[in-house]
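Here is a short briefing on a protein model. It covers fold, confidence, surface and two residues.

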Amino acid sequence: MIIRKFVNMIRTVITPEKQDISIHVPESYIGKQIEVLMYDIDELKQEESINQKKVSDLRGKLNLSDEQYKDFQSHIKDLRNEWERDI
(Lines give C-alpha, C1' and ligand atoms only; values in the text may rest on other atoms or scores of the structure.)
Protein backbone atom coordinates (compact mmCIF):
# COMPACT_ATOMS: atom_id res chain seq x y z
CA MET A 1 0.00 0.00 0.00
CA ILE A 2 1.33 3.43 -0.96
CA ILE A 3 0.47 6.27 1.38
CA ARG A 4 1.16 9.77 0.14
CA LYS A 5 1.54 12.66 2.49
CA PHE A 6 0.79 16.08 1.04
CA VAL A 7 2.25 18.60 3.44
CA ASN A 8 1.49 21.77 1.49
CA MET A 9 -1.75 20.74 -0.20
CA ILE A 10 -4.33 23.50 -0.55
CA ARG A 11 -7.97 22.75 -1.17
CA THR A 12 -10.80 25.23 -1.16
CA VAL A 13 -14.24 25.83 -2.63
CA ILE A 14 -14.98 29.13 -4.35
CA THR A 15 -17.99 30.76 -5.97
CA PRO A 16 -16.76 32.89 -8.88
CA GLU A 17 -18.36 36.29 -9.35
CA LYS A 18 -17.05 36.61 -12.91
CA GLN A 19 -15.46 34.43 -15.56
CA ASP A 20 -11.84 35.14 -14.61
CA ILE A 21 -10.17 33.62 -11.55
CA SER A 22 -6.70 34.52 -10.32
CA ILE A 23 -4.75 32.31 -7.94
CA HIS A 24 -1.59 32.90 -5.99
CA VAL A 25 0.53 29.85 -5.27
CA PRO A 26 2.81 29.36 -2.27
CA GLU A 27 6.44 30.19 -2.90
CA SER A 28 7.37 26.54 -2.42
CA TYR A 29 5.23 25.66 -5.49
CA ILE A 30 7.17 27.90 -7.88
CA GLY A 31 8.89 25.85 -10.56
CA LYS A 32 6.92 22.70 -9.72
CA GLN A 33 4.05 21.09 -11.58
CA ILE A 34 0.75 21.61 -9.79
CA GLU A 35 -2.66 20.22 -10.57
CA VAL A 36 -5.68 22.51 -10.70
CA LEU A 37 -9.13 20.93 -10.87
CA MET A 38 -12.33 22.81 -11.58
CA TYR A 39 -15.79 21.29 -11.58
CA ASP A 40 -19.31 22.31 -10.67
CA ILE A 41 -20.19 20.74 -7.30
CA ASP A 42 -23.91 20.82 -8.17
CA GLU A 43 -23.21 18.74 -11.29
CA LEU A 44 -21.25 16.27 -9.18
CA LYS A 45 -24.13 15.94 -6.71
CA GLN A 46 -26.58 15.48 -9.58
CA GLU A 47 -24.38 12.77 -11.08
CA GLU A 48 -24.21 10.97 -7.72
CA SER A 49 -28.01 10.97 -7.43
CA ILE A 50 -28.31 9.56 -10.95
CA ASN A 51 -25.88 6.75 -10.09
CA GLN A 52 -27.98 5.68 -7.09
CA LYS A 53 -30.62 4.08 -9.28
CA LYS A 54 -31.46 0.41 -8.90
CA VAL A 55 -31.48 -2.11 -11.70
CA SER A 56 -35.27 -2.20 -11.48
CA ASP A 57 -35.30 1.53 -12.40
CA LEU A 58 -33.87 0.56 -15.80
CA ARG A 59 -36.58 -1.91 -16.81
CA GLY A 60 -38.48 0.48 -19.04
CA LYS A 61 -35.28 2.03 -20.42
CA LEU A 62 -33.93 -1.30 -21.60
CA ASN A 63 -37.16 -2.27 -23.41
CA LEU A 64 -36.93 -5.84 -22.10
CA SER A 65 -39.67 -8.40 -22.36
CA ASP A 66 -40.82 -10.00 -19.11
CA GLU A 67 -38.67 -13.06 -19.81
CA GLN A 68 -35.60 -10.96 -20.65
CA TYR A 69 -36.13 -8.91 -17.48
CA LYS A 70 -36.31 -12.08 -15.33
CA ASP A 71 -33.14 -13.43 -16.98
CA PHE A 72 -31.41 -10.12 -16.38
CA GLN A 73 -32.44 -10.10 -12.69
CA SER A 74 -31.18 -13.67 -12.33
CA HIS A 75 -27.87 -12.70 -13.92
CA ILE A 76 -27.50 -9.74 -11.52
CA LYS A 77 -28.19 -12.00 -8.51
CA ASP A 78 -25.58 -14.48 -9.76
CA LEU A 79 -23.03 -11.68 -10.13
CA ARG A 80 -23.71 -10.44 -6.60
CA ASN A 81 -23.38 -13.93 -5.17
CA GLU A 82 -20.14 -14.44 -7.08
CA TRP A 83 -18.81 -11.11 -5.79
CA GLU A 84 -19.67 -11.95 -2.17
CA ARG A 85 -18.20 -15.44 -2.50
CA ASP A 86 -14.89 -14.05 -3.80
CA ILE A 87 -14.62 -11.56 -0.96
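The protein has three helices and zero strands. Helices (H or I, at least four residues) and strands (E, at least two) are DSSP runs, numbered from the N terminus. Along the sequence the pattern reads α-α-α. This is a predicted model: local features need pLDDT of at least 70, side-chain atom pairs count only at pLDDT 80 or more, and totals for chains, interfaces and linings use all residues. Residues are numbered from 1 along each chain as its sequence is written, and side-chain values use heavy atoms, with hydrogens and water left out.

**Confidence**
- Mean pLDDT (the predictor's confidence in each residue, from 0 to 100) is 80 for the protein, and 76% of its residues reach 70 or more.

**Surface**
- The accessible surface is about 9500 Å², and carbon and sulfur atoms hold 50% of that.
- Areas come from the Shrake-Rupley method with a 1.4 Å probe; for residues, only the protein chains shown count as cover.
- Of the 87 residues, 3% count as buried.
- Buried means under 20% relative accessible area, exposed over 50%, partly exposed in between (1.4 Å probe, protein chains only).

**Nonpolar patch**
- Ile-14, Ile-21, Ile-23, Val-25, Ile-30, Ile-34, Val-36 and Met-38 make a nonpolar surface patch of about 830 Å².
- Patch residues have over 30% relative accessible area and no salt bridge; nonpolar side chains (Val, Leu, Ile, Met, Phe, Trp, Tyr) are joined within 5 Å, like charges within 9 Å.
- A salt bridge puts a side-chain nitrogen of Lys or Arg within 4 Å of a carboxyl oxygen of Asp or Glu.
- Ile-21 lies in the segment before helix 1 (41–50).
- Ile-21 counts as partly exposed because its relative accessibility is 43%.

**Arg-11**
- Arg-11 lies in the segment before helix 1.
- Its relative accessible area is 72%, so Arg-11 is exposed.
- Arg-11 and Leu-37 sit 26 residues apart in sequence and 9.9 Å apart in space, C-alpha to C-alpha.
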